[in-house]
Amino acid sequence: MPSPDPLPPGPPSPGGTRPASAPRDVLGLLGPTSGEPAFDAHRPPPADLVADCVHCGFCLPTCPTYVLWGEEMDSPRGRIHLMRQGLEGEPLGEAMVGHFDACLGCMACVTACPSGVRYDTLIERTRQQVERRHRRPVRERALRAAVFALFPYPKRLRLLRGPLRAYQASGLRALVAGSGLLPRLAPTLAALESLAPRLTRAPKPPDRVPAYGRRRAVVGMLTGCVQSAFFPGVNAATARVLAAEGCEVVLNPGRQGCCGALSVHNGREEEARRFARDLIDAFADTGIDYFVVNAAGCGSSLKEYGDLLADDPAYARRAAEFAARVRDLSELLVELGPVARRHPLPVSVAYHDACHLGHAQGIRSQPRELLRAIPELELREIADPELCCGSAGVWNILNPEPAARLGERKARDVLDTGARLLVTANPGCLMQITAALPRVGGATSARSGGGGGIALAHTAQVLDASIRRLPVERLLN
């Protein structure tokens, strides 16, 4: 059993380097930005939740940054120690902020904690404080401003599709990758380039998709930001599966915007609240029974709308009611029970638990139950499933080098299964693992020309292929 002594030293770092924004400092108090206490009175990390941590250490082997660097202050209990210091009046120094920034927010520690510590609430409240009270260096501010001016806006992302498709078709991608210069000269740009999926045609989604056969429910469906721009096939498959299972699907594409998940996870409280209000309004008069999500990070934030808007008199009740209707796709399909016939898919599948599906929402059995119900499909488990792949929203863009190390570790574990198809329920995970596979000697079927390697798919695409009796090669290529 891990030692209960508070904050014992960590082991030597097993690999990777810490981001420049997070200097090594065991006290986490170097370079204060002011003499003021770290936290103000608006939603600080709750002292009673901080006190719940008994420093037992069960969180350590599940924490990606602790696994990478072995730094105590880059573990959940170390960050909680810093939160306690902030509540006691210590200033919000550069190093303290660096340790908070380094957290992926994967919530594996929440699953591992025997004391039930609500680290999810603690890190979310802390990041809100950091965003309001800490002035970052100019370069870092510029990068974050660019990221949040682009990624939460589906229309802006869709504008990139044309230039990106031209770039991919031109052969420049292979030339850039072969040169090896981009990661050395511009690591953030290199990360973005490697993560970009191969794009296909994206037809405009309909406003509604009627239920097939007897209508069992009316469901709203989040089309998302990255999902709608870069994975439109996943959304189309999701709508078809829901319709086949007797759901009338309301997409409302003209009114949908970002759900606010990226903003919530990065402490941008007011921005997240604005996105949440807009989405609630977009589905206010649609008569939906459920609101279905096919992206794990979005689903976890949508289920917390009641807390996000709890102090908004105009939206508090509506937000809580909306959150109560939110379901992950696999969650709803198991809840309703299947009616559409599954046809055989003779393929071996490695299922990857997206962190915000498994850890944040506690949804692990439902996707596996759905996959196992497909005749001739063989499900294989991945080693160290609790450890994040390094995507974590935009963490892999803000921290490309350590994210790459985590992605490579996950890619090796995936390849070790020997499966022909990797399945997960989050667009970020799909992009992260796809980018990492070639670096560890693997390949994706798409990038190897369909002549081998491992293919990647969303859970919805596998279910759709089985229901529509598509040949398994459609998934593998």
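**Entry 1: burial and overall make-up**

I am calling a residue buried if its relative accessible area is under 20%, exposed if over 50%, and partly exposed in between, with a 1.4 Å probe and protein chains only. Residues are numbered from 1 along each chain as its sequence is written, and side-chain values use heavy atoms, with hydrogens and water left out.

I then looked up the secondary structure: 27 helices and nine strands in the protein chain. Helices (H or I, at least four residues) and strands (E, at least two) are DSSP runs, numbered from the N terminus. For contacts I use heavy atoms within 4.5 Å. Taking contacts between residues at least 6 apart in sequence, 80% join residues at least 24 apart.

**Entry 2: confidence**

I checked pLDDT, the predictor's confidence in each residue, from 0 to 100. The protein chain has a mean of 87, with 84% of its residues at 70 or more. Residues 1-15 fall below 50, and the model gives this stretch 34 contacts beyond near neighbours in sequence. Residues 446-451 also stay under 50, with 11 contacts beyond four places in sequence. Where pLDDT is low, the predicted coordinates should not be read in detail, so I leave both stretches alone.

**Entry 3: the five-stranded sheet**

I traced an open, mixed sheet of five strands, ordered E1-E3-E2-E4-E5. Which strands stand at the edges? They are E1 (208-209) and E5 (326-328); each has a single partner strand, so one side of each is left without a neighbour in the sheet. I count two strands as paired if DSSP finds at least two bridges between them. E2 (residues 217-221) and E3 (residues 247-250) run parallel and are joined by four bridges. Val-218 sits opposite Glu-248 in E3.

Next I looked at Val-249, also in E3. Val-249 counts as buried because its relative accessibility is 0%. Beyond four places in sequence, its contacts are Asp-207, Arg-208, Val-209, Val-219, Met-221, Ala-239, Leu-242 and Ala-243. Tyr-290 is 41 residues from Val-249 along the chain, and their C-alpha atoms are 9.8 Å apart.

Helix H14 (residues 232-244) has 13 residues and spans 18 Å from first C-alpha to last, close to the 18 Å expected at 1.5 Å a residue; the expected span is 1.5 Å times one less than the number of residues. Of those 13 residues, 10 are buried, including Val-234, Asn-235, Val-241 and Leu-242. Gly-246 follows H14 and has a positive phi, near 85 degrees.

I define a nonpolar core as a set of buried Ala, Val, Leu, Ile, Met, Phe, Trp, Tyr and Cys residues joined through side-chain atoms within 4.5 Å. The largest one has 58 residues, and Val-219, Leu-242, Leu-421 and Val-462 have the most contacts inside it. H14 gives the most to this core, with six residues. What does Leu-242 touch beyond four places in sequence? I find Val-219, Met-221, Cys-247, Val-249, Val-292, Leu-329, Leu-332 and Leu-333.

**Entry 4: two loop residues**

Thr-223 lies in the loop between E2 and helix H13 (226-230). At 11% relative accessibility, Thr-223 is buried, and beyond four places in sequence it touches Ser-228, Asn-235, Leu-251 and Gln-256.

Cys-258 is in the loop between E3 and helix H15 (261-265). At 5% relative accessibility, Cys-258 is buried too. Outside four places in sequence, Cys-258 contacts Pro-152, Pro-154, Cys-225 and Phe-275. From Cys-258 to Pro-154 I note 7.2 Å, C-alpha to C-alpha, across 104 residues of sequence.

**Entry 5: the four-stranded sheet**

The other sheet I traced is open and parallel, with four strands in the order E7-E6-E8-E9. E7 (377-381) and E9 (455-458) are its edges, each with a single partner strand, so one side of each has no neighbour in the sheet. Twist averages 35 degrees from one strand to the next. For angles, axes are lines fitted to C-alpha atoms, for helices over the stretch in contact, and values run from 0 to 180 degrees between N-to-C directions.

E8 (residues 421-424) pairs with E9 in the parallel sense over four bridges, and Leu-422 has Leu-456 in E9 as its bridge partner. Helix H26 (residues 459-467) lies across E6 (347-351), E7, E8 and E9, running at about 90 degrees to E9.
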